[in-house]
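Please brief me on how the two chains of this model are built and how their parts meet.

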Amino acid sequence: MSWVTQTFSSTLGRKLIMSLTGLFLSVFLIVHVSGNFQLFHSDEGLGFNKYAVFMTTFPPIKVVSYGLYAFILLHAIDGLLLAAKNRKARGPQRYVVVRNQSSWASRNMAILGTVLLLYIVVHMHDFWWQYKFGEVPYRQYEQSLATGTVTSSAYNGPAIQGKMEEFVREDTQTRVTIVKDLYAETKAAFANPLLVAFYLLGMWALAYHLVHGFQSAFQTLGWNHPKYNPLIRFVGVWVFGIGIPLAFAAMPVYFYIKSLGA
Amino acid sequence: MEGNMNLTLQVWRQKNSRTEGRMESYKLSGISEDMSFLEMFDVLNEQLIVEGKEPVAFDHDCREGICGACSMYINGRPHGPLQGVTTCQLHMRSFKDGDTIVVEPWRAQAFPVIKDLVTDRGSFDRIISAGGFISVNTGNAQDANSIPVPKENADASFMAAACIGCGACVAACKNASAMLFTSAKISQLALLPQGQAESAARAKKMIAQMDEEGFGACTNTGACAAECPKGISMENIARMNREYFAAEMGTKE
């Protein structure tokens, strides 16, 4: 057996996979949440739609995104296999009484992870699949070159090549952007209270998964050190456990509340 | 030693490794709060012998908290409700008159039940045999200054060496993982110069053996360290991971 297969088939090596892929996915969340903040801009979705085009066409990002899908699968499959192995390690007889001295999240990473996997499937279907393969309408934005004010309308003109066309109109002194309207998809999706509830469930699972997972990844890497532990704990709890899930959860809630007013 | 505690014990009874076991209930009276938990079991066994029944088999040896033989899972926790004590050092004053106490053996694939509360912890011995030693005779004590050891390392090594191999970490872990035990045994040697020479080979062999025995992986729940009667820290697991990854990546084979 080569040392690579030996390492990654040992329990420690398989935890190393969980740790490294988990940290990669955590970093991705920072990128994802910062990009999605454009949903809150009052530019009728212009910034968000242009960002969606950039993220799906810029080659380096495309490469990373395929890596991301692979790591999600690797993390999920390795995690579920480990959970099955761990369950088996207890033996055929379970305890009659158990008083746990560990946190709830740490004991339920596989269940939280399964909720998240389900969430990712629904989320990818709602947006990624729709954007790539579904019938997403185009929207035409006109941004004044002088003042920057944006007006928009549904685009009914001739078919567009690709996801976006952008040009400057000399007569009106505006920049015209005709772009696939993912913003409208988002708005429509989050008018559905059931979907909003499901997204909140997903972010609840994300919060608990990361409160334990982020810190745990460093312990698995062997990075347990009195100098860095307070920082790792702080970032794990406040940034990944609370900040990011709350920011994500705010998005469906924001659109749902807006849909009530409209 | 007469007392006035009345207790109900629910104890796992299993004839041998090939038969199914079950919980049995026993009433005990006149238990003194000054008895140790094992002495309470001695009283139960005398009572069972008088009644012509099979006494409860349980592991015990030194009864002073240093041998690691006693191993009871009491009311859902290894070694019972107290922190930092083994079952033999747990006293009945930790319980109340009229309590029902549930006593089970360690539960792990790698610790099969031999009889009642006795499990076969030979898997721990095999992990040690795989590499948890220094393979040269130490000879006479050298001059203390010839091998400098920083005080912090000596302390950390000694803290890891406090592990008595009782298996409470495995019993407490939801994954029945032996990482705390194995990491303590790797750390106590890795932290000292005498252990350095073989540290890479040791990490690889002991972890291979640990996996072969069927222990689970580590989810870093911290239940092991919380229940360890000797206060072994999870820093040892991090050190073991570093030792192992460095060994796999850094050695020639």
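The notes below cover confidence, chain A, the domains of each chain and the interface between the chains.

This is a predicted model. Chain A averages a pLDDT of 95. Chain A and chain B bury about 3,500 Å² between them. Each chain is also split into two domains, 3-92 + 100-136 + 182-261 and 137-180 in chain A, and 5-104 and 122-250 in chain B.

**Confidence in chain A**

- In chain A, 99% of the residues score a pLDDT of at least 70.
- Helix H8 (residues 193-220) of chain A has the highest mean pLDDT among the elements of that chain, at 98.
- Helix H1 (residues 3-9) of chain A has the lowest, at 91.

**Layout of chain A**

- Chain A holds 9 helices and 4 strands.
- Read from the N terminus, the order is α-α-α-α-α-α-β-β-β-β-α-α-α.
- The C-alpha trace of chain A spans about 75 × 45 × 40 Å along its principal axes.

**Domains of chain A**

- Domain 1 of chain A is assigned in three pieces, 3-92, 100-136 and 182-261.
- Domain 2 of chain A covers 137-180.
- The C-alpha centres of domain 1 and domain 2 of chain A are 33 Å apart.
- Domain 1 of chain A puts 15 residues into the contact, and domain 2 of chain A puts in 14.
- The two domains of chain A bury about 1,200 Å² between them, with 58% of that on carbon and sulfur atoms.
- On the domain 1 side of chain A, the residues that lose the most area to domain 2 are A:Glu44, A:Leu46 and A:Val136. Together they make up 44% of what that side buries.

- A:Lys50 and A:Glu166 meet through their side chains in a salt bridge, at 2.7 Å from N to O.
- There are 7 residue pairs in polar contact between domain 1 and domain 2 of chain A, both residues at pLDDT 80 or more.
- Helix H3 (46-57), helix H6 (109-133) and helix H7 (182-189) of chain A each supply at least two residues to the domain 1 side of this contact.
- H3(A) gives the most to that side, with 6 residues.
- By class, the domain 1 side of chain A that touches domain 2 has 5 nonpolar, 4 polar and 6 charged residues.

**Domains of chain B**

- Domain 1 of chain B covers 5-104 and domain 2 of chain B covers 122-250.
- Their C-alpha centres lie 30 Å apart.
- Contact between them takes 14 residues from domain 1 of chain B and 11 residues from domain 2 of chain B.
- The two domains of chain B bury about 840 Å², and carbon and sulfur atoms give 50% of it.
- The rule finds 1 salt bridge across this domain interface of chain B.
- B:Glu227 and B:Arg77 meet in a salt bridge between side chains, at 2.9 Å from N to O.
- The count of residue pairs in polar contact between the domains of chain B is 2, both residues at pLDDT 80 or more.
- The domain 1 side of chain B that touches domain 2 divides into 6 nonpolar residues, 7 polar and 1 charged.

**Where chain B meets chain A**

- Chain B brings 48 residues into contact with 37 residues of chain A.
- Of the area of about 3,500 Å² buried between the chains, carbon and sulfur atoms give 54%.
- B:Arg107, B:Asn220 and B:Phe245 supply 16% of the area that chain B buries against chain A, more than any other three residues.
- There are 0 salt bridges between chain B and chain A.
- Polar contact links 23 residue pairs between chain B and chain A, both residues at pLDDT 80 or more.
- Strand E5 (100-104), helix H4 (168-172), helix H7 (199-212), helix H8 (223-227) and helix H9 (235-250) of chain B each give two or more residues to the side that touches chain A.
- H9(B) gives the most to that side, with 10 residues.
- By class, the side of chain B that touches chain A has 26 nonpolar, 11 polar and 11 charged residues.

Methods. Residues are numbered from 1 along each chain as its sequence is written. Chains are lettered from A and ligands numbered from 1 in the order in which they are written. Side-chain values use heavy atoms; hydrogens and water are left out. pLDDT is the predictor's confidence in each residue, from 0 to 100. Domain bounds come from an automatic or database domain assignment. Contact means heavy atoms within 4.5 Å. Buried area is the accessible area (1.4 Å probe) that two parts lose on being put together, summed over both. A salt bridge is a side-chain nitrogen of Lys or Arg within 4 Å of a carboxyl oxygen of Asp or Glu. A polar contact is a pair of N or O atoms within 3.5 Å; within protein, one must be able to donate a hydrogen and the other to accept it, and residues adjacent in sequence count only if both atoms are side-chain atoms. Ala, Val, Leu, Ile, Met, Phe, Trp, Tyr, Cys and Pro count as nonpolar, Asp, Glu, Lys and Arg as charged, and the others, Gly among them, as polar.
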